[in-house]
Amino acid sequence: MRDLFARDPDRARRFTRHIGDLVVDLSKHRFAEETLILLLDLARAVQMEARIQEMFSGAAINLSERRPVLHVALRAPAGSTLCVNGTDVMPAVHAELGRMHERVRSLNAGERKGWTGRNIDTVVNIGIGGSDLGPRLAVEALRARRATRLKVRFVTNLDGRDLHGVLEKCDPETTLFIVASKSFTTLETLTNADSARGWLTQRGCPTPNAHFLAVTCNDKAALKWGIAKDHVHLIWDWVGGRYSVWSAVGLPLALGIGRAGFQEFLDGAHAMDRHFQQSPLDGNVPVLLALLDVWYSDFYRAATRAVIPYDQRLRLLPDYLGQLVMESNGKRVDRHGRAVRQGTSPVVWGALGTNSQHAFFQLLHQGTQLIPIEFLLPLKADGDERHQLRLVASGLAQSKALMAGRKGREHRHFPGNQPSTTILYPDLTPFTLGALLALYEHRTFAEAVLWGINAFDQWGVELGKQLTTELVSQLEGGLAAAHDSSTASLLDLYRKRNTTRQG
Ligand code: F6P
């Protein structure tokens, strides 16, 4: 890369792309002009443009589940038409959006009371995976746009310490729970919801179910659990969990930043949808990023890539992307079920800059692995300018050092040539965050198109779920199943330990 920069003083300008306010600098990557031409040929060979249009057309591109993939409908403006099986889904999308905003309005207006007549002042979202990570990330990222006096909290882990840690801070008389679960069958979420209901009952609430809302595709199960019909917010089977923050799954965010803020968030995503749908391949940023992902995974055998936000507000972005990218593209068969012949998703990981500089950057600078990195940097110093200036300088110093390296003897030698993307944004507004998350969604889909895999199913999580159910039943005294000797002896140790305690 040092040579590429030396030969072409114009390299940064030629390989920096702008989408609205977002600046994406691709110049610190290991490619020459010709590489890009060939990679774009690859995109053409897999009919990238046609595959993108297919998604937007509502065709059932999630082949293994025979479903369309239409999270783009969730942020399409009024007046758009997007059809599933000949039916325009937009009226239903906007009706549910309206119901969500009405819920937020009534909570903010103090119209929702708890069982003793006091106003609800805390909302706890119970969900996991896509029913947690998106809203949790966005609420934290956009805290500065706070438009409510209500407290918004999240519970996700099956470990009871998570729920109980949150409940300690809540008043049962004034707390409302959202059970966010597309399937309404998820063990972790239903266990937490049951326990939250038990907590209300133990504290004297005569009508605990009235303290619950549901966000789900499975309204029957939510009603059966005890949630009132008008407390159920619907999502659809054509919205994947990890692509659902734009739906009523985003209720905690709508509460956090208000109707106008949430609309800006949707508008940012929609602007990115238009870019993805309308830009030619060589100017299509999600496609270009996906090509680079495939370039490093398949041609350099890079096993991981790192995301390093120099922005405290994006602390949870690496976790969110972990699910988005790896649950989507961690696949071993193509979309028709045949074994893939190339690698698929690398591990996506990361942490905040500058914290990570003083933790694992040693390996990035001098380790033996190739790890493409993504730096995210906000340009606007809204707060302490002295800190912001130093923060931006730190991020840019790292990307420069990783690219350029420095000659030295033995331990002091930095080989450089470590690739990175730098994404700059003016400030983290709802619009920018919406655009950024949609950029990652489309890049993930474009990667899947290049690999010929289905980004929208997740069969790989099923076996663990099934075995957990069996083991729970066995530990609760059900029929003993046959296990390998390791699992059997570990179960035995748990059982003995807990029998002794009870004794
Ligand atoms: O098990 C994986 C998964 O299905 C994710 O895809 C999803 O986001 C998460 O579990 C939660 O699922 P649900 O919203 O149905 O509770």
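The following legends describe close-up views of a predicted model of a protein chain.

**View 1. Domains of the protein chain.** The domain assignment divides the chain into domain 1 (2-60 + 280-451), domain 2 (71-256) and domain 3 (459-502). Taken over C-alpha atoms, the centres of domain 1 and domain 3 are 41 Å apart.

**View 2. The largest nonpolar core and Trp238.** The largest nonpolar core comprises 108 residues, and Trp238 and Leu317 have the most contacts inside it. Helix H15 (residues 430-451) is the element that gives the most to this core, contributing 13 residues. The core lies between domain 1 (2-60 + 280-451) and domain 2 (71-256), because both domains give residues to it. When neighbours within four places in sequence are left aside, the contacts of Trp238 include Pro68, Val69, Leu70 and His71. Trp238 is also in contact with Ala73, Leu74, Val84, Val89 and Val93.

View 3. Strand S5 (residues 122-126) pairs with strand S6 (residues 151-155) in the parallel sense, over 5 bridges. Within this pairing, Val124 stands opposite Arg153 in S6, and Val123 stands opposite Val152 in S6.

View 4. Of the 5 residues of S5, 5 are buried, so the strand is largely enclosed by the rest of the structure. Both faces of S5 are covered. Thr122, Val124 and Ile126 are buried on one side, and Val123 and Asn125 are buried on the other.

View 5. The buried residues of H5 include Met90, Val93, Leu97, Met100, Val104 and Leu107. Glu96, His101, Arg103 and Ser106 are also among the buried residues of the helix. Strands against which the buried residues of H5 pack include strand S4 (87-88), S5 and strand S7 (175-180). These buried residues also pack against strand S8 (212-216), strand S9 (232-234) and helix H10 (251-278). H5 is followed by Gly110, which has a positive phi near 75°.

View 6. Most residues other than glycine have a negative phi, and most peptide bonds are trans. Phe184 is not a glycine, yet its phi is positive, about 55°. Phe184 is placed in the loop between S7 and helix H8 (187-202), and it counts as buried because its relative accessibility is 3%, where buried means under 20%. Glu410, also not a glycine, has a positive phi of about 45°. Glu410 is found in the loop between helix H14 (385-404) and strand S13 (420-425), and it is exposed, with a relative accessible area of 67%. The peptide bond from Gly353 to Thr354 is cis, with omega near 5°. Thr354 lies in the loop between strand S11 (347-350) and helix H13 (361-366).

Notes: Residues numbered from 1 in each chain as written. Predicted model: local features only at pLDDT ≥ 70, side-chain atom pairs only at ≥ 80, totals over all residues. Heavy atoms only, no water. Domains from an automatic or database assignment. Core = buried A, V, L, I, M, F, W, Y, C linked by side-chain atoms within 4.5 Å. Buried < 20%, exposed > 50% of the residue type's maximum accessible area, 1.4 Å probe, protein only. Helix = DSSP H or I, 4+ residues; strand = E, 2+ residues; numbered from the N terminus. Contact = heavy atoms within 4.5 Å. Pairing = 2+ DSSP bridges.
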